[in-house]
Amino acid sequence: MSGELETRATSEALGEDEVARLLRLAGPPPTLDQAEVAAIRAAARDAWHRQLARRSARRRQIWAGGALAASLLVALGLAFRASERADPPGPPVARLELHAGALSVQSAAGTYELSDELGAGSVLVTGADGRAALRMANATSVRLDAGSRVRLVSSSALALESGALYLDTGPHTPSGAAAGRRSELAVATPLGEVTHLGTQFEVRLVPATGTTSEALRVRVREGEVRVATDREIHDVGAGSELRLSAAGELGRGAVAPHDEAWRWAIEAAPVPAIEGQTLASFLDWAAREMGVRWRVAGSLPAATPQAIVLHGSVSDLSPEAALEVVLTGSGLRSLRSGDELQISPAGR
Amino acid sequence: MMWFRKSRPPELRPDDRALVRRMRAGEAAAFEEFFEANIQGLYRFALVRVGHDVELARDISQAAICRGIERLETYRGEAPLFSWLCSICRFEITGHFRKLRRRPLEVELPEDGLEARGSLESLSFELGDPEDQALRREIGRLVHVTIDNLPPHYRSVLVWKYVDGLSVREIGERLAVSVKAAESLLTRARQTFRDGYSSLATLPAGAVHAVEGES
């Protein structure tokens, strides 16, 4: 072995020229190409955002548990404020599109005035009569029901601490699902994490009652959602509901896309600008918001909705009121029948 | 013939720990720094351990970096962050083959040894094949392993200088520093590389020249 030791290229033996030769000999290393790196970066960023959301939700859970001990309330409050301050103010991750009733936005610096731009780390709280609609930086529509509290962890991660959220990430396409498209927005809750493929869904934390424990309820209107807890993973498809209690009880049920259960989310929906849009494109939007399909009926030519170009604004109205105004102005009317919206000439 | 480098006592990594703290605080720049510094190295780490199956190596490196992010709170700074990620990558590789009910490929790599993991994490290697082609591949691989374990700024200047062929002045311009500062950085990078490589690959004298001469 001593002979071998003598032949070692030790630190001293590797001079500058030797280092250069070694590096040139080795040449460029095998690498992932740019597209592969971009895909992995997106997956890694997802994982990071989910981790941040979980951490935030855990912190909130600890706070909620501590609140049971009233005598410690003040001390815990101070600890909570300290942990809040540990979060640095983040860049804008969402825009406030619409709100009604009581809504406050809190940050590390305390409660502040409502503004269009909402930064990472902001906490939105709706009152008993409050609702709000946000547009995330990744274009996902997020709506808060009354009595909700949600933290904007990042542009792709939310932490629901109480109440309910409705998310619309855009139309679900089978090709997107088949391609294994990754979730662009994750919702962390104390009882599990909810991710999705392009979809419309509601995540609600149902408070505990005298006879039931707190539960996570996920209703899916379109697309597909995944709920992951520390122990298991559940998939929830369109038209169905999953209920997962803190005690570990699992329940499933059905909820149609046009069920009245979605009414609060419809009422909280911001109406898009219609100037220059065709009636057909407006009907596509309105029908999707209402969970129905539309079709022409009676003597209305099939091409009419595509031929009508809209002018003006209905942004201040609810989706259903906007639909009525637009149809009336177009000389048309609608008739709702189950999951179908029939569009026909007015007066027939 | 097998050589091992002497093990170094574990030391805390303040830079890596600070980076992890910043990531856990939600700092986007820290995520980018973490990702850029580790992903290609992780890919190469996986590549040689899955029989150079590029698609599998890509999937494994993705799984490993995501799993690492999920476990960031368990990182204590006792090993370099990259080495810590490599240990996670090993589990991903083993898990992959377990799912397939297959044994992992029998790949004996010097840097996988427990003793060897102690410092680069420690490195050693065995020249099992006397053929020049095999020697050349092994030298190349060990150079890349050494490079992957260097601090990112050392890694960059060495590759720019000796692989991409940039001059010291061009490196200085790229880093927005003076020529003198670039030269100083290059010197330190070479020294660190030399230490790492020497601890890893104790090559027979003249082996590099012999292999290079045939190219």
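## A sheet in chain A

In this predicted model, three strands of chain A build an open sheet with mixed pairing, in the order E16-E18-E17. Strand E16 (293–296) and strand E17 (332–337) of chain A each have a single partner strand and stand at the edges, so one side of each is left without a neighbour in the sheet. From one strand to the next, the twist averages 25°.

How many bridges join E16(A) to strand E18 of chain A? There are four, and E16(A) and E18(A) (residues 340–345) run parallel.

Helix H7 (residues 279–290) of chain A lies across E16, E17 and E18 of chain A, and runs at about 140° to E16(A). Helix H9 (residues 319–329) of chain A lies across E17 and E18 of chain A, with an angle of about 135° to E17(A).

## A helix pair in chain B

Over in chain B, helix H6 (residues 152–163) packs against helix H7 (residues 168–175) at an angle of about 145°, and their axes are 10 Å apart. The crossing of H6(B) with H7(B) is right-handed.

Which residues make the contact? H6(B) brings B:Val157, B:Trp160 and B:Lys161, while H7(B) brings B:Val168, B:Ile171, B:Arg174 and B:Leu175. Of the residues in this contact between H6(B) and H7(B), five are nonpolar, two are charged and none is polar.

How values were computed: Residues are numbered from 1 along each chain as its sequence is written. Chains are lettered from A and ligands numbered from 1 in the order in which they are written. This is a predicted model: local features need pLDDT of at least 70, side-chain atom pairs count only at pLDDT 80 or more; totals for chains, interfaces and linings use all residues. Side-chain values use heavy atoms; hydrogens and water are left out. Axes are lines fitted to C-alpha atoms, for helices over the stretch in contact, and angles run from 0 to 180 degrees between N-to-C directions. Helices (H or I, at least four residues) and strands (E, at least two) are DSSP runs, numbered from the N terminus. A crossing is left-handed if the near helix is turned anticlockwise from the far one by less than a right angle, and right-handed if clockwise. Contact means heavy atoms within 4.5 Å. Ala, Val, Leu, Ile, Met, Phe, Trp, Tyr, Cys and Pro count as nonpolar, Asp, Glu, Lys and Arg as charged, and the others, Gly among them, as polar. Two strands pair if DSSP finds at least two bridges between them.
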